[in-house]
Amino acid sequence: MDKFGFTLSKARFIDYDANDRRVVDYIIEREPTLKLCIECGGCTATCSTGNFTEFSLREMNILLKRGENKKVRNKINQCMLCGKCILVCPRGVNTRNVVFLAKQAFQKFDGYAV
Amino acid sequence: MSDMGVNVVVVGGGVAGMEAAGQLARAGINVTLVEKEKETGGHVKQWHHLFPDRRNSMEVLTYLKHQIDHENITLLSGNTIIGFQRKGSGILIITNDGKELKADALLLATGFDLFKSERKEEYGYGIYDNVITSADLEAMFRKGELKLKDGGEPSKIGVVHCVGSRDEKAGNVYCSKLCCVTAVKQAMEIREHLSNSKVFCFYMDMRMGGALYEEMYRDAQEKYNINFIRGKVSEVGVGFNNKLVVKVEDTLAGRPLKMELDMLVLMAGMEMSEDGLKLAKAGKLNIGENRFFAPADHHFGSNKGNVKGIFYAGACTAPMNITETISHARAAVADIVDYLKTTSK
């Protein structure tokens with residue numbers, strides 16, 4: 001019975017303890033409204049980029065909070081910074097600034113070009 | 001009980017005001033019940049069936065009318081009060097036609113206004129024919145006719161939760177608390193009226209905290225085949241075929257979703273009534289961040305105001321269902337009776 005175990009495949013789980021949350025800390029310090037996101041998806045539904053690509057700002061928000069930076073880094077440049085998401089957000093998250101700061105943070109901590 | 005020789009003015013002839021007036025009268029207190037409309041009953045007058053047991057709202061109205069049928073109650077319908085001030089040990093109240101009412105205590109039961117859904121312009125209320133509100137739908141249920149503007153029968157109907165609630169853009173950060181369960185109730189009723197219809201509820205969170213709410217939610221899924229999609233509707237438009245098109249993210253599937261609908265029902269939230277706000281301003285009564293009357297204490301004084309002799313009952317203090325409103329009105333009566341015993345004699 002004990003062989004059944006309680007393990008998860010490393011490739012599958014979010015390793016919350018090991019993940020790097022410097023990026024999200026950097027953003028929240030400068031744009032605290034990110035903390036208010038309730039994952040309603042209003043931003044994603046209205047997103048100009050999301051209309052044509054797999055880009056989802058709501059997904060970005062939660063991945064940043066979990067420290068899953070790699071997945072965000074690969075996608076965040078798709079955002080055109082049009083700001084429609086700010087208009088629909090019921091929680092007043094300054095979504096455009098979150099994207100902007102995420103780019104800054106990636107450059108600061110990972111040396112990625114903005 | 002005999003006449004105590006004290007007078008209480010109750011403002012608002014909805015559920016809270018009627019229940020409180022009846023209870024005060026039975027306690028031997030003279031009550032003047034001021035109602036702005038010709039008829040008492042408040043919002044319940046417009047509703048068809050009530051959650052959680054789907055009782056006909058007329059039964060509640062009948063009960064309330066019976067409550068205020070008492071010799072100690074004077075009804076001033078078609079009247080409002082425009083101001084009040086403390087005078088001696090009591091309160092002097094001024095009505096819209098300049099009448100002065102002397103009272104030992106004043107109970108405000110001014111209730112709520114439904115959120116004006118046209119303020120969420122992106123949902124198209126007042127712009128597109130078949131975008132209606134929860135209140136409009138109740139009126140249709142009352143008539144027994146659930147129809148599109150052109151008289152046709154809707155087959156695909158969407159229900160939008162949180163319209164004007166939990167929405168900073170609408171200026172209301174609070175949860176109106178009753179809209180989720182109203183959505184579930186109305187979705188079930190739509191299916192009963194139109195057995196071939198498909199109903200989709202668009203929600204951010206399902207807040208099923210009241211007695212028997214979760215059971216209704218389960219019934220809606222199991223017995224009524226209602227579909228629930230987790231995402232806040234961001235825009236509503238009209239396609240070439242004249243059908244409504246909603247855009248939402250299906251957040252659990254992680255992809256934007258587009259859907260054509262014949263009809264969309266907006267679950268309008270509850271706001272502090274305009275009349276209540278005017279009184280708050282005129283009488284220097286504290287209001288909360290949500291603009292409802294702020295009670296003196298959230299635990300021990302939810303019926304008491306910050307001005308001596310002023311009490312509150314019902315949805316003028318927070319969104320509240322009918323059960324809670326009746327309890328809150330009775331609690332206000334207990335506080336008032338206690339106040340009159342300790343102060344006015």
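The model is a predicted one.

Strands of a sheet pair through backbone hydrogen bonds, either parallel or antiparallel. Here, strand 12 (residues 156-163) and strand 18 (residues 263-268) of chain B pair in the parallel sense over five bridges. Within this pair, B:Val160 has B:Leu266 of strand 18 as its bridge partner.

Chain B has another open sheet of five strands, ordered 5-2-1-9-20, and the pairing is parallel there. Strand 5 (73-77) and strand 20 (310-312) of chain B stand at its edges with a single partner strand each, so one side of each has no neighbour in the sheet. Neighbouring strands of this sheet are turned against each other by 20 degrees on average, direction ignored. The partner of strand 20 of chain B is strand 9 (residues 105-108) of chain B, and the two pair in the parallel sense over three bridges. One residue of this pairing is B:Leu106, whose bridge partner in strand 20 of chain B is B:Ile310. Helix 7 (residues 322-343) of chain B lies across strand 1 (7-11), strand 9 and strand 20 of chain B, and runs at about 170 degrees to strand 9.

The domain assignment divides chain B into domain 1 (7-111 + 273-343) and domain 2 (117-270). The centres of these domains, taken over C-alpha atoms, are separated by 32 Å. Where the domains meet, 11 residues of domain 1 of chain B are in contact with 19 residues of domain 2 of chain B. On the domain 1 side, the contacting residues divide into five nonpolar, five polar and one charged.

Next comes the interior. In soluble globular proteins, nonpolar side chains tend to be buried together. The largest nonpolar core in this model has 99 residues, and B:Val8, B:Val10, B:Ala20, B:Leu107 and B:Val159 touch the most other members. Helix 4 of chain B gives the most to this core, with eight residues. Both domain 1 and domain 2 of chain B supply at least three residues to this core. Not counting residues up to four places away in sequence, B:Val10 touches B:Gly17, B:Ala20, B:Ala21, B:Val31, B:Leu33, B:Val34, B:Leu107 and B:Ala109. A second, separate core has 25 residues, including A:Val23, A:Ile27, A:Val88 and A:Val93.

Chain A meets chain B through 16 of its residues, which are in contact with 15 residues of chain B. Helix 2 (42-46) and helix 3 (57-66) of chain A each supply at least two residues to the chain A side. Helix 2 of chain A gives the most to that side, with four residues. By type, the residues on the chain A side are five nonpolar, seven polar and four charged.

Definitions and conventions
Residues numbered from 1 in each chain as written. Chains lettered and ligands numbered in written order. Predicted model: local features only at pLDDT ≥ 70, side-chain atom pairs only at ≥ 80, totals over all residues. Pairing = 2+ DSSP bridges. Axes fitted to C-alpha atoms, helices over the stretch in contact; angles between N-to-C directions. Contact = placed C-beta atoms within 7 Å. Nonpolar A, V, L, I, M, F, W, Y, C, P; charged D, E, K, R; others polar. Domains from an automatic or database assignment. Core = buried A, V, L, I, M, F, W, Y, C linked by C-beta atoms within 7 Å. Buried ≥ 20, exposed ≤ 12 C-beta atoms within 10 Å, placed from the backbone.
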